[in-house]
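This report describes the pockets, the nonpolar core and the strand pairing of one protein model. Please keep the sequence and the structure in view while reading.

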Amino acid sequence: VLTAALEGTFIGCTFSSDGKHVLAYTGGPDFVTVVWQWAEERPVGMHRSRSPLLRVSFNPWMGSLISLNSPMRLARLNDLGHFKEIEVTALKRYGIAAIDHVWLAPKVMVFAGCDSGGEGGLATAVFRVMEESAIKQTITRERCEPTVLSALSRGFAAGCAEGSVLIFQRPSGGDDSALSLASGESGALSLAHVLPGPKSMGPVRSLHVSDKDRTALILCNEL
C-alpha cells in the first residue's frame, strides 16, 4: 500500500513504462503529484500544481520527466526529490486549455484543445504535435470536441464528446519506433479513420488501444 501525508483524494494514477515507478495525483486543495519507487514503496518525487489536474503522465522513455495538464506543462525530477517545471514557450502559448495529451516518442507529444468559435458556435478540435519544444504540426477537425487521447504505433487516437473516435496516423514505412516530424510533410500525421459512435453512447470518457493497434476499448456511457 502506497501512502503520502497529503490533503485531498487521489483521482488518478499510472505506472512508468518499465514498471519501476508509479505516480498518483490528487484533487483540491493541493493538486499534488507523487511518484513512488514501486518495489521499495517509497516516494521519490513530488510536484505541487497551481491548478486542477486533468491528466499526469510519465514520459514513457524518460521516467524522470512528467507531463501535466491543464495548463499543459512539463516537469523534471531534480536531486532534491521535487519535480521542477520546465519553461516551454509553445506550451505556455498553446497549452492553457489543454484537454488531454499523450506521448508518441521520446521527444514528441500531442495535446488536444478546443476552439468554440467555429461556424454556428460549434466546437473545432485542435491537435498540436510538439517535437522537443516546437510545434511541428497543427491538425483541426470541425464540429468535434476532443475528450481523451491514446497513443498508437504510428500516431494517436482521439475520443470525442459525440462518441466517435478519430484515428490519426503517419504514412506507413520507415522507422515506426521513433516518430519524427523534422523531415517535414513526409512524416506528417493525417486523419486515417473515423469510428462513429451512436449518439446515445455519450462522450468518450476513456480510450485504450491494444499494442498491435487492432483492438480499441472505448468507454462512453457503456463499454
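The lining of the largest pocket, sorted by class, holds 22 nonpolar, 12 polar and six charged residues. In this count Ala, Val, Leu, Ile, Met, Phe, Trp, Tyr, Cys and Pro are nonpolar, Asp, Glu, Lys and Arg are charged, and the others, Gly among them, are polar. The model is a predicted one, in which local features need pLDDT of at least 70 and side-chain atom pairs count only at pLDDT 80 or more, while totals for chains, interfaces and linings use all residues. Residues are numbered from 1 along each chain as its sequence is written, and side-chain values use heavy atoms, with hydrogens and water left out.

**The two pockets**

Rolling a probe the size of a water molecule over the atoms shows where empty space is left. Here a pocket is an open set of points, on a 1 Å grid over the protein atoms alone, where a 1.4 Å probe fits, with protein on both sides within 12 Å along at least five of seven lines; lining residues have an atom within 4 Å of a point. The volume is the space filled by probe spheres set on the points, which are joined across faces, edges and corners.

The largest pocket has a volume of about 1,100 Å³. Of the 40 residues that line this pocket, Arg55, Val102, Leu149, Ser150 and Ala151 are the closest to its centre. Strands that each supply at least two lining residues include S1 (10–15), S2 (21–26), S9 (100–105) and S13 (146–152). S13 gives the largest share, six residues. Strands (E, at least two residues) and helices (H or I, at least four) are DSSP runs, numbered from the N terminus.

The second largest pocket contains about 230 Å³ of space. Its lining has six nonpolar, one polar and five charged residues. Val88, one of the lining residues, lies in the loop between S8 and H1.

Is Val88 buried or exposed? At 6% relative accessibility, Val88 counts as buried; the term means under 20% relative accessible area, whereas exposed means over 50% and partly exposed in between (1.4 Å probe, protein chains only). Beyond residues up to four places away in sequence, Val88 touches Leu74, Met130 and Ser133, where contact means heavy atoms within 4.5 Å. The C-alpha atoms of Val88 and Ala134 are separated by 8.6 Å, although these residues are 46 residues apart along the chain.

**The nonpolar core**

In soluble globular proteins, nonpolar side chains tend to be buried together. A nonpolar core is a set of buried Ala, Val, Leu, Ile, Met, Phe, Trp, Tyr and Cys residues joined through side-chain atoms within 4.5 Å. The largest such core has 18 residues, and those with the most contacts inside it include Leu104, Val110, Phe127 and Phe156. Among the elements that give two or more residues to this core are S9, S10 (108–115) and S11 (124–131). Leaving aside neighbours within four places in sequence, Phe156 is in contact with residues including Val102, Leu104, Val110, Phe127 and Leu149.

**Strand pairing**

Two strands pair if DSSP finds at least two bridges between them.

| Strands | Bridges |
|---|---|
| S1 and S2 | five bridges |
| S2 and S3 (residues 32–37) | five bridges |
| S10 and S11 | eight bridges |
| S11 and S12 (residues 134–142) | eight bridges |

Five of the six residues of S2 are buried, so this strand is largely enclosed by the rest of the structure. Within S2, Val22 is the bridge partner of Phe15, and Val22 also stands opposite Trp36 in S3. S1 and S2 form a hairpin with five residues between them, and Gly19 in the turn has a positive phi of about 75°. Thr33, found in strand S3, is buried, with a relative accessible area of 0%.

In a regular strand the side chains alternate between the two faces of the sheet. Both faces of S11 are covered: Thr124, Val126, Arg128 and Met130 are buried on one side, and Ala125, Phe127, Val129 and Glu131 on the other. Val129 of S11 stands opposite Val110, while Ala125 has Arg141 in S12 as its bridge partner. The hairpin of S11 and S12 has two residues between the strands, and Glu132 in the turn has a positive phi of about 60°.
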